[in-house]
Amino acid sequence: MTEIIESYLEIERAKNTFFEELDFCSPNCIQKPFSNFKLSKRGRMLTLPGYVGCCPRDYFDSIMDTDSLRLEWIRLERKNKFGKPKNKDPKIPMIGRACGYHSRETGCRLTSYKQPICISYVCNELKEYVSNTFDIHLDPVVEGKRLEQLLIGELSKQEINNLIIQEWEHVAQVRAINGSSHYDRTLTSCVR
Ligand code: SF4
Ligand code: SF4
C-alpha cells in the first residue's frame, strides 16, 4: 500500500473517530422516525426515514472529477472486505432504496475504504452544531476535494501531514469539551 493511501485511510480513521465522539447523528437524526434535517431543497428528500440519514443514494459510487488508480484500488479493497453492495432494506416511497452499503440495523456497513464524499459529508445542521459548540468549521465540499487531490497525488507531504494533524486536532477539541467517548456503536448508523 502506498504512503498516500495510508494517509487517506488515516484521515478516514480520524474522521470516523470524530463523528463517533460527536455522537450527533444517532440521537438527532437516525433514531428519529423521520430525519429532522433537509438534505435537499427538493421536497422529496424531506421525508427520509431517520435511519437512512444522509445515505439515500449510492454515494459510494460517486465519480471524482479526475479518476485515479488509487481510488480504483480503494474500490477493490472495499469490495474484497465488505462484498458487493446489497441493501435489503425496504424501499422508501418516492426515493427507492438507500445506499447499497446501508443497512437498517447498523447504518453504513463500511468502516473503511469509503469514497471521499462519504468520508467528508456533513449536513448543514451538523456543520452548524460543530461550529457553535466546538468552534470547528467544516466544509464538506472543500474537504472532499482535498481527499481527491490527495489520491491524485496533488498534495505535498507537508500538506498531507497538516491534514492528518488537523483531523486528529478536531477529535481532541471534541474530547476536550465532551469528555471521554460516550459512543455506542450498536445505536448508531451512517457514521460519516
Ligand atoms: S450528517 Fe447525515 S446522518 Fe448526520 S445528522 Fe446530518 S443528515 Fe443525519
Ligand atoms: S456513507 Fe456508507 S451508507 Fe452512506 S452513502 Fe456512503 S457508503 Fe453508502
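This note goes through the predicted model point by point, from the overall layout to single residues.

1. Basis. Residues are numbered from 1 along each chain as its sequence is written, and chains are lettered from A and ligands numbered from 1 in the order in which they are written. In this predicted model, local features need pLDDT of at least 70 and side-chain atom pairs count only at pLDDT 80 or more, while totals for chains, interfaces and linings use all residues.

2. Layout. The protein holds seven helices and two strands; helices (H or I, at least four residues) and strands (E, at least two) are DSSP runs, numbered from the N terminus. Read from the N terminus on, the order is α-α-α-β-β-α-α-α-α.

3. Of the 192 residues of the protein, 31% are buried. A residue is buried if 20 or more other C-beta atoms lie within 10 Å of its own, exposed if 12 or fewer, and partly exposed in between, with C-beta atoms placed from the backbone. Two residues are in contact if their C-beta atoms, placed from the backbone, lie within 7 Å. Among contacts with a separation of 6 or more, 69% join residues 24 or more positions apart.

4. The core. The largest nonpolar core has 38 residues, and those with the most contacts inside it are Cys55, Tyr59, Cys99, Cys118 and Leu147. Such a core is a set of buried Ala, Val, Leu, Ile, Met, Phe, Trp, Tyr and Cys residues joined through C-beta atoms within 7 Å. At least two residues of this core come from each of helix 1, helix 2, helix 3 (69-82), helix 4, helix 5, helix 6 and helix 7. Helix 1 gives the most, with five residues. Leaving aside residues up to four places away in sequence, Tyr59 touches Cys99, Gln115, Ile117 and Cys118.

5. Ligand 1. There are 16 residues around ligand 1, of which Cys25, Cys29, Gly53, Cys54 and Cys123 come nearest. A residue is counted here if its C-beta atom, placed from the backbone, lies within 6 Å of the molecule. Helix 2 and helix 5 are the elements that give two or more residues to this shell, and helix 2 gives the most, with four residues. The shell has eleven nonpolar, three polar and two charged residues. In this scheme Ala, Val, Leu, Ile, Met, Phe, Trp, Tyr, Cys and Pro count as nonpolar, Asp, Glu, Lys and Arg as charged, and the others, Gly among them, as polar.

6. Ligand 2. Twelve residues surround ligand 2, the closest being Cys55, Tyr59, Cys99, Cys108 and Cys118. By class, its shell has nine nonpolar, one polar and two charged residues. Cys55, Tyr59, Cys99 and Cys118 are also among the residues with the most contacts inside the core.

7. Helix 1. This helix (residues 3-22) has 20 residues and reaches 28 Å from its first C-alpha to its last, close to the 28 Å expected at 1.5 Å a residue. The expected span is 1.5 Å times one less than the number of residues. Its buried residues are Tyr8, Ile11, Glu12, Lys15, Phe18, Phe19, Glu21 and Leu22. They are covered by elements including helix 2 (25-30), helix 4 (116-120), helix 5 (124-134), helix 6 (140-152) and helix 7 (157-178).

8. Helix 6. The end C-alpha atoms of helix 6 are 18 Å apart, which agrees with the 18 Å that its 13 residues should span at 1.5 Å a residue. Glu143, Leu147, Glu148, Leu150 and Leu151 are buried. Seen down the axis, the buried residues of helix 6 fall within an arc of 155° (taken from the directions from the helix axis to the C-beta atoms), so they line one face of the helix. Val141 and Val142, on the other side, are exposed. The buried residues pack against helix 1, helix 3, helix 4 and helix 7.

9. Positive phi. Just after helix 6, Gly153 takes a positive phi of about 95°. Asp23 is not a glycine, yet has a positive phi of about 50°; it lies in the loop between helix 1 and helix 2. Asp23 is partly exposed, with 18 other C-beta atoms within 10 Å. Tyr113, also not a glycine, has a positive phi of about 60° and sits in the loop between strand 2 (107-108) and helix 4. Tyr113 counts as buried, with 22 C-beta neighbours inside 10 Å.

10. Glu159. This residue lies in helix 7 and is exposed, with 12 other C-beta atoms within 10 Å. The C-alpha atoms of Glu159 and Arg146 are separated by 9.8 Å, and the two residues are 13 residues apart along the chain.
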